[in-house]
Amino acid sequence: MEAQAPLSLSNHAIKELSESQAFTSSIPSNFHTFRNSDEELRPEDFINEEIPIIDFSLLIGGTAMERSEVIHHLCMACREWGFFMVVNHEIPKRLMDEMLDAFEKFFNQSEEEKNEYINKYALHPIRYGTSVNTHEDKIRYWRDYVKIFVNPEFHSPVKPFGFRNTLFEYAASTRKMGEELLKAIWESLELNTEDIEVALDIKSCFQIIIGNLYPPCPQPELALGLPPHSDHGLLTILLQNGINGLQVKHNNKWLHIKPLPNVFIVNIGDQMELVSNGRYKSVLHRAEVNGKNTRMSVATIIGPSHEAIVAPAPQLVEHDHHLAFHGMRFKDFLEQQQANPLKQRSIFDLLRVTND
C-alpha cells in the first residue's frame, strides 16, 4: 500500500476531516505526532494525583483568617503546581453552558462562514484556524480554534446569532474573577496589591478568549490536540465540556486533569513566572484527543496591557538576590511567540538571565 500523502488543510478544518468518509479509520501522516516527534505516551510517564483546589468564595467573602488561609494555599499551588481548580466562583452555570453552546454553534457553521476569519497576522482580533500555526507547523494537531480579543477593545464574530451577547457577558465575568485572582496571587508574593496596576496596567489588560474544538480522531494514539506548551499571559481560566483531554506536566510526569462540574481550571502563564522572578512556574501542558467524543474548551487568557514592560518585581529581585529574567514589552512577546511554532517554551526561555 502506498504511503498516504500529507493533506493540505488550507481549505479543510479538523471538524470536516473528522466527519469525512475518507478518514474513518486512519489520519494523514502529518498528524502522526508520536511518530514524527520525540513525544511519547508510556504508562510510566503518568502520575495519578489531584491539582489543588481554591475556594473563590472564601477569597472574596470569607473572614480575614479564611482569606489568609486561601492565600497560603494559592501560594503553594502557584509555586508547586502552576495549576489549580477554582470552586464557588460565582459565575453562573447557565453562562458557562451558554458559552460552550455558542462556540459549538460557531464551529457548526459552514466553512465559508468560518473562513471569513482566517488571518495570518498573529494579533488580528478575530482569528479562525486549525492545528496551531498552519504556516509553520510540520506536524499538524487535531484541533480547530477561534481566537477573539475581548479587552481592552471588545470584538466578536457576527454569527451565530446571540454569540456576541454571550461572549460579552462571559468575558466580563471571567475578567472580574481573573483580576481578583491576580490580586490574591500578588498578595501571596507579599507584594502590595496596589502596585499591580502600576506594574502591569491591569485596567487595560489584554484579554483573549479562545474556543477549541477537538473532534473524534480515528487514531488518537498517534495524534495530539495541542503539543506541550505554556501560556503567554498572566493567568488562563479554562472551561471544559466534561470530556477529558487536558494533561499537565508535574515533576517530569504527565497528569490527567479530570473535569468536574461547574469548576474552572486556572494556570499560571509566562508573564506571571516572569514578574514573580521565577517563583511561580508557567507549567507545560498539552491536549490529548480521543476516538469517540468531541472535546471542547474555552480558554480565557488574561495578560498585561500590550504596552506594559513586564519584568521581575524589584522587591522580589532584591529579596532573591538575583534577576531571573530580562524584561520585555508584552506586545513584542506576543508577536514573537505567535509567529513561531508552539513548541515547549522557546520564546520565553530567551528572556532567562544566564550566568555565562
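## Helix crossing

The crossing of α5 and α7 is left-handed, a term for a near helix turned anticlockwise from the far one by less than a right angle. In this predicted model, local features need pLDDT of at least 70 and side-chain atom pairs count only at 80 or more, while totals for chains, interfaces and linings use all residues. Residues are numbered from 1 along each chain as its sequence is written, and side-chain values use heavy atoms, without hydrogens or water.

Helix α5 spans residues 93–107 and helix α7 residues 163–188; they pack at about 135°, with axes 9 Å apart. On the α5 side, R94, L95, E98, M99, A102, F103 and F106 meet F163, T166, L167, E169, Y170 and S173 of α7. This contact (heavy atoms within 4.5 Å) divides into eight nonpolar, two polar and three charged residues.

## Sheet

Five strands form an open sheet of mixed pairing, in the order β1-β10-β9-β12-β7. Its edge strands, β1 (46–47) and β7 (226–229), each pair on one side only. Strands β1 and β10 run parallel and are joined by two bridges; pairing requires at least two DSSP bridges. F46 has W254 in β10 as its bridge partner.

## Residue I257

I257 sits in the loop between β10 (253–256) and β11 (264–268). Its relative accessible area is 4%, so I257 is buried (under 20%, 1.4 Å probe, protein chains only).

Beyond neighbours within four places in sequence, I257 contacts I51, N244, L246, V248 and I265.

Technical notes
Axes are lines fitted to C-alpha atoms, for helices over the stretch in contact, and angles run from 0 to 180 degrees between N-to-C directions. Helices (H or I, at least four residues) and strands (E, at least two) are DSSP runs, numbered from the N terminus. Ala, Val, Leu, Ile, Met, Phe, Trp, Tyr, Cys and Pro count as nonpolar, Asp, Glu, Lys and Arg as charged, and the others, Gly among them, as polar. Buried means under 20% relative accessible area, exposed over 50%, partly exposed in between (1.4 Å probe, protein chains only).
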